[in-house]
Every structure is written in structure tokens, then in C-alpha cells.
Amino acid sequence: VEDTKTESGNYDESTQGRFYYWDGALAIASENPFGVGTAQVRAAMNKKLGSYVDPHNGFLYTLCEYGYVGFAIFICFLVAMYRTAVIIYRKNEIPVVYRFYALGMSGMIGALVGVNMFYSNFYKDLVMGSLVIHFGMLAFIYAELNNKKSEVEL
């Protein structure tokens, strides 16, 4: 954010716009604690700010769309996926390809969180499709590891 200041010391137009959109999204969330509904965020932003835009923040978009409960579930899901990737990575006895995949997934989740702080691309078709595939693969690896562990214990 520091590099977005102009010579006069003010933030550039893009950064100021993001702060304005974030304030609008927070106001929408406080007025609609259960969310505005699926695919209704831009309409709510238009009603609130007079501009048909999204909040430019994936987390605020989720908060506005699904409310506080939906947002909490979404955060729990991201934390669970990250935690699963870390658990798989730390298992030294499993094939190295699983460990490297888990390491890559933890990095992908971290990058996804970082990017979505300034842009809302969680819900773009290409992004969501890739995420579903990779989260499914991560869950499959985790399930396989748990199945092998239970077979050994028998």
C-alpha cells in the first residue's frame, strides 16, 4: 500500500477506490448480517454506493453475500484445508510426491488468501474449478493416508 501514494502524499485513485468499496461492503454486511444472497453483492454495492462494483476483496464479498455465519464457515473451510496440507506435508513416512503436493497446496492457499485481500476472484469459474479439483485431490490423499493407517492398526 505504501507504494501506491502519489507525489502529493495521497493514495492513488485505485487504492482510494478500494478503501471506498471496502467501507461500503462493511456497511452492507452490518445492515445485512445474514447476507444479501448469492450473486447480489454488486446490486447491493450499487444501491449503497451508486456504482455496480464488487468490494475488491474476496473476504468482504463472502461476508456480504453469505453473512457472518457463511463467512465463518468459509474461513473454517480455508483453515481446515491449510491444516490438512500441513499435516500431510509433515508425514515423513509417506511418498515424497504427496508431501510436495501438500507443500504446494499450502502455498496456493496462502497465495489465494493474499490475492483475495485486494481482488475478489474466489468465485470466478476458472479459479473455483481449479480449487475444487485441488481441494478434492488433497482430501483424497488425506483419506488414503487415514485408510492405510487404519489397515496397519488392524
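User: Taking helices as DSSP runs (H or I) of at least four residues, numbered from the N terminus, where is the place of His-56?

Analyst: This is a predicted model, and in it His-56 sits in the loop that joins α2 and α3. Its phi is near 60°, a positive value in a residue that is not glycine.

User: And which loop holds Ala-39?

Analyst: Ala-39 belongs to the loop between α1 and α2. Although Ala-39 is not a glycine, its phi is positive, at about 65°. Most residues other than glycine have a negative phi.

User: Is Ala-39 buried or exposed?

Analyst: Exposed: the relative accessible area of Ala-39 is 56%, and the cut-off for that class is over 50%.

User: Changing topic to helix packing. At what angle do α1 and α2 pack?

Analyst: Helix α1 spans residues 13-31 and helix α2 spans residues 41-49; they pack at about 105°, and their axes are 10 Å apart.

User: Why are they described as roughly perpendicular?

Analyst: Angles from 65 to 115 degrees count as roughly perpendicular, and the pair α1 and α2 is therefore placed in that class.

User: Which residues in α1 and α2 meet?

Analyst: From α1, the contact takes in Tyr-20, Tyr-21, Gly-24, Ala-25, Ala-27, Ile-28 and Glu-31; from α2, it takes in Ala-44, Met-45, Lys-48 and Leu-49. Sorted by class, this contact has 8 nonpolar, 1 polar and 2 charged residues.

User: What about α1 and α3: what angle and how far apart are the axes?

Analyst: The angle between α1 and α3 is about 10°, with the axes 9 Å apart. Angles under 35 degrees count as roughly parallel, so α1 and α3 are roughly parallel to each other.

User: Which residues meet in α1 and α3?

Analyst: On the α1 side they are Trp-22, Ala-25, Leu-26, Ile-28, Ala-29 and Ser-30, which meet Leu-60, Leu-63, Cys-64 and Tyr-68 of α3. The contact of α1 with α3 has 9 nonpolar residues, 1 polar residue and no charged residues.

User: Cys-64 is in that list. How many disulfides does a search of the whole structure find?

Analyst: The search returns 0 disulfides.

User: On to the core. Which residues in the largest nonpolar core touch the most other members?

Analyst: That core has 18 residues, and those touching the most other members are Ile-88, Met-105, Phe-122, Phe-135 and Leu-138. At least two residues of the core come from each of α3 (58-90), α4 (96-115) and α5 (125-153). The largest share, 6 residues, is supplied by α3.

User: What is Phe-122 in contact with?

Analyst: Beyond its neighbours within four places in sequence, Phe-122 contacts Gly-58, Phe-59, Thr-62, Phe-74, Leu-78, Leu-112, Asn-116, Val-127 and Met-128. There is also a second, separate core of 14 residues, and among them are Trp-22, Leu-49, Leu-60 and Tyr-61.

User: Val-127 came up among those contacts. In which helix is Val-127 found, and what does it touch?

Analyst: Val-127 is part of helix α5. Setting aside residues up to four places away in sequence, Val-127 touches Leu-112, Asn-121 and Phe-122. At 23% relative accessibility, Val-127 is partly exposed.

User: How far apart in space are Val-115 and Gly-58?

Analyst: Their C-alpha atoms are 8.5 Å apart, while the two residues are 57 residues apart in sequence. Val-115 lies in helix α4 and is partly exposed, at 42% relative accessible area.

User: Finally, what separates Asn-147 and Tyr-61?

Analyst: The C-alpha separation is 37 Å, for two residues 86 apart along the chain. Asn-147 is in helix α5, and its relative accessible area of 40% makes it partly exposed.

Terms used: Residues numbered from 1 in each chain as written. Predicted model: local features only at pLDDT ≥ 70, side-chain atom pairs only at ≥ 80, totals over all residues. Heavy atoms only, no water. Disulfide = S-S within 2.5 Å. Axes fitted to C-alpha atoms, helices over the stretch in contact; angles between N-to-C directions. Parallel < 35°, antiparallel > 145°, perpendicular 65-115°, else oblique. Contact = heavy atoms within 4.5 Å. Nonpolar A, V, L, I, M, F, W, Y, C, P; charged D, E, K, R; others polar. Core = buried A, V, L, I, M, F, W, Y, C linked by side-chain atoms within 4.5 Å. Buried < 20%, exposed > 50% of the residue type's maximum accessible area, 1.4 Å probe, protein only.
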